[in-house]
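I opened the coordinates and went through them one topic at a time. The entries below follow the order of the look-ups.

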Amino acid sequence: MTIAPEAPPEPPTERPRRTVLRPTPSLSVILIKIASLGVLDAVVLYALFVLLMGGSYLVFALALIGLIAINVIYFSKRMLPGKYLAPGLVFLLIFQVFVVGYSAYIAFTNFGDGHNGTKADAITGIVANSLSRVPDSPTYAVTVVQGPNGLGLLTTTPSGTVQVGDPKNPLHTITDAQLSGGKAVSAPGYTTLSFQDLLTKQTQVAALVVPISANPNDGAIRTADGSTGFLYKSNLSYDAKADTFTDSSSGAVYRDDGNGEYASSDGKKLSPGWTVVVGFKNFAQAFGDQSIRGPLLSTIVWTFAFAFLSVFLTFAVGLFLAVVFNDPRMRGKKIYRVIMILPYAFPGFLSALVWAGLMNPQFGFINQVLLGGATVPWLTDPTLAKVSILIVNTWLGFPYMFLVCTGALQSIPEEVVEAAKMDGARAWATFRQIKLPLLMVSLAPLLISTFAFNFNNFNVIYLLTGGGPTDVNASINVGSTDILITLVYKVAFATASGRNYGLASAFAILIFIVVATVSVIGFRRTRALEEIN
Amino acid sequence: MSQLPARRPRFRLRKWFAATGWRHVIGIVFAVFCAFPLVYVLSSSLNPNGTLLGSNTLFSKVDFSNYVNLLFNLPQQPFVAWFLNTLVIGLVTGASTVFLGALAAYAFSRMRFAGRRVGLLTLLLVQMFPQLLAVVAIFLLLNAISNIFPAIGLNTQIGLILVYLGGALGVNTYLMYGFFNTVPASLDEAAKIDGAGHARTFFTIILPLVGPILAVVGLLSFISSTSEYVVASVVLTDPTRQTLAVGLYSFISQATSANWTLFSAGAVMAAIPPMALFLYLQKYVISGLTAGAVK
């Protein structure tokens, strides 16, 4: 069986319109088509509405274009290729292309912990963070309710006014609430939390802050026990006109400093901030900040070394074995082949974890049994950990190379080798000067793919060493075996000092550039692309 | 006279060694290297001792208590849920990838349209950019989707599957395209003359003939989605919704040595479905690999 692209069949040059009756689809097919498109349209229209309300105009426009395109493709009598390509393309465009563009955008923002939302959210958040109870606050009877926007409070003022609200929607008066003993206990559209629910959601209830009006300076209601609430006010008052916060106790004034946060003249910042575009700041930080630049550069070097050495080692071992086993006289080749396919068939993430156990310095099999109780720091010494990773990755990868090399070796015509022999070439010369160049022609594209794959081989690094041992001098969470992609992940998601999506995306963009360059060069130098007609 | 028979076998052994014997020596060395970690994990999964250190004597004891404990007695580590989640995610992703890829491959193989060549080139290049690079954006995108449709957003398996389907058109489609080209176009023509529409030709004529490549692509997609860690760990946060890769890693990273034999039992069970499928479809997979698929 060959899967390699061969010459395609004769293209259907012209539609034989005259002779063929254009088949009319049956009624049920048409109904199914209309029904599924109808459902899709309804769902997307709802999403469009929400997007428009939320002010996400760019995404709204993209989604609208997509929706129109799909409807045109499927309702038109023509555009047959489109009907077949559209389903896959939709996913490709959203989850491959769009996310790359989105990454590029995030790389130019300060998105991350402390800079998560819009400026309006940040203002509410700053007020909520600095709330303290008003000394002479009246006692509000409150009921915790679950509303359309999550948890909210149903309050009854001492004078008997019933109001409802949640953190995003300030309290507003309602008249149709159910009262019990002068206290509102439920309201239409809201579910009252049972005592049991209150207990399980204790921390969320305690963190609930419901503003009493649209002006954040008016204060908010909080409740500690879920049944009585008090008025809390911030000691920071927001001046919407000047766009400043003033601390009523110290008199300090905090201004928008242009970096998505309010800062006072002496450099004190209010938390949280909000997301703003910061230009090349993330890239500048990556290459300018001494405590990031050093580790980043060594990570880049190691990423290249790791990817290159992985390809080289797996290819060398795989080719060696393929040559060794490529002898018609040898028996039992099938058995060897099945055994050697095992590392490839075993799920990769498990292999990395199993090897992490085998290489454990104190208790692992290698140190305890093979080396008789030695304490070789396989995974904890900066240099040795790199060697270990290469060993494990060779174990993981050489079966693939063995299989493809075997296939490629067997496809070299016997006559070529015979001719070389006739000309007096020795075995080594035949291999070096005849077989290897022929192999490289067919295997070069695979080697490039393998390089690209290993360049981002997250699992083997992260699951084996976690990128460690950690570099304690760096200001980001980075270790000596981290490659770029594990660095992205750790900066974005697994760090004690807070998630930094902006910096992580900047690293991701660097990887994009590197991979794109390597693949363009690689593909240009091979004939892989010329096979497509 | 008596010397000859004695010398002949030695002579043969040497000749045998020079011809194929040394190949067997190398073969055995590498077979041990390949198989050892797997034998080791099987041995420790059967060891009731529990720890990493206790697993070092291979097959010293054999019982199934780790398997029983993992399946029934550990509510904190919902292994069965992980297993089923992984299976569902893998199967749905695999089947959908095959379907989406086959649709696209049919269009590329049987129709001529503007942008066809560029489209094929793009498919080749797309595989160079794995989705995990954009993991931050994927997380934020799903987070935004959660606000509109919580059912397909963050912490849902459907959300994760949708993300994986973003990679459905890639090298897989390219593999399929090559195989579709080997099916003679005269079959399509015949069907057309008999009055079959394009959809009927696709489903009833072409698809049955390209079964092997569908199996390969389905398997490769199943394997890559079941062992994917990065996106799954970011998307699925609730322990009962996680996959084996995320769950087993968090389990073993808490206490590597103490949980070792339980982890091994989990690893053995987790490895059985993909390995069985892989060995069963070995012949097809190998031919798929030589055409350019990387696991």
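Before starting on strands, I noted that two strands count as paired if DSSP finds at least two bridges between them. Helices (H or I, at least four residues) and strands (E, at least two) are DSSP runs, numbered from the N terminus. This is a predicted model, where local features need pLDDT of at least 70 and side-chain atom pairs count only at pLDDT 80 or more, while totals for chains, interfaces and linings use all residues. Residues are numbered from 1 along each chain as its sequence is written, and chains are lettered from A and ligands numbered from 1 in the order in which they are written.

Entry: strand 10 of chain A.
With strand 11 (residues 228-234) of chain A, strand 10 of chain A pairs antiparallel over four bridges. Strand 9 (residues 210-211) of chain A is also antiparallel to strand 10 of chain A, joined by two bridges. A:I221 has A:V210 opposite in strand 9 and A:L231 as bridge partner in strand 11 of chain A. Strands 10 and 11 of chain A make a hairpin with four residues between them, and A:G226 in the turn has a positive phi of about 85°.
Next I checked the side chains. In a regular strand they alternate between the two faces of the sheet.

Entry: contact of chains A and B.
I took two residues as in contact if their C-beta atoms, placed from the backbone, lie within 7 Å. Chain A brings 94 residues to the contact and chain B 99 residues. On the chain B side, helix 1 (residues 3-45) gives the most, with 14 residues. That side of chain B divides into 69 nonpolar, 25 polar and five charged residues (nonpolar: Ala, Val, Leu, Ile, Met, Phe, Trp, Tyr, Cys and Pro; charged: Asp, Glu, Lys and Arg; polar: the others, Gly among them).

Entry: helices 2 and 13 of chain B.
At what angle do the axes of helix 2 and helix 13 of chain B cross? I found roughly 80° for helix 2 (residues 65-72) and helix 13 (residues 260-280), with the axes coming within 9 Å. The axes are lines fitted to C-alpha atoms over the stretch in contact, and angles run from 0 to 180 degrees between N-to-C directions. Helix 2 of chain B is therefore roughly perpendicular to helix 13 of chain B (65 to 115 degrees; under 35 is roughly parallel, over 145 roughly antiparallel, the rest oblique). Residues making the contact include B:Y67 and B:L70 of helix 2 and B:L262 and B:A265 of helix 13. I logged the contact residues as four nonpolar, five polar and no charged.

Entry: two residues of chain B.
I noted a phi near 65° for B:N155, a positive value in a residue other than glycine. B:N155 sits in the loop between helix 5 (135-148) and helix 6 (157-165) of chain B. B:N155 is partly exposed, with 16 other C-beta atoms within 10 Å.
B:S96 is in helix 3 (residues 79-110) of chain B. Is B:S96 buried or exposed? B:S96 counts as buried, because 20 C-beta neighbours lie inside 10 Å. Leaving out residues up to four places away in sequence, B:S96 touches B:L165 and B:A168.

Key
Buried ≥ 20, exposed ≤ 12 C-beta atoms within 10 Å, placed from the backbone.
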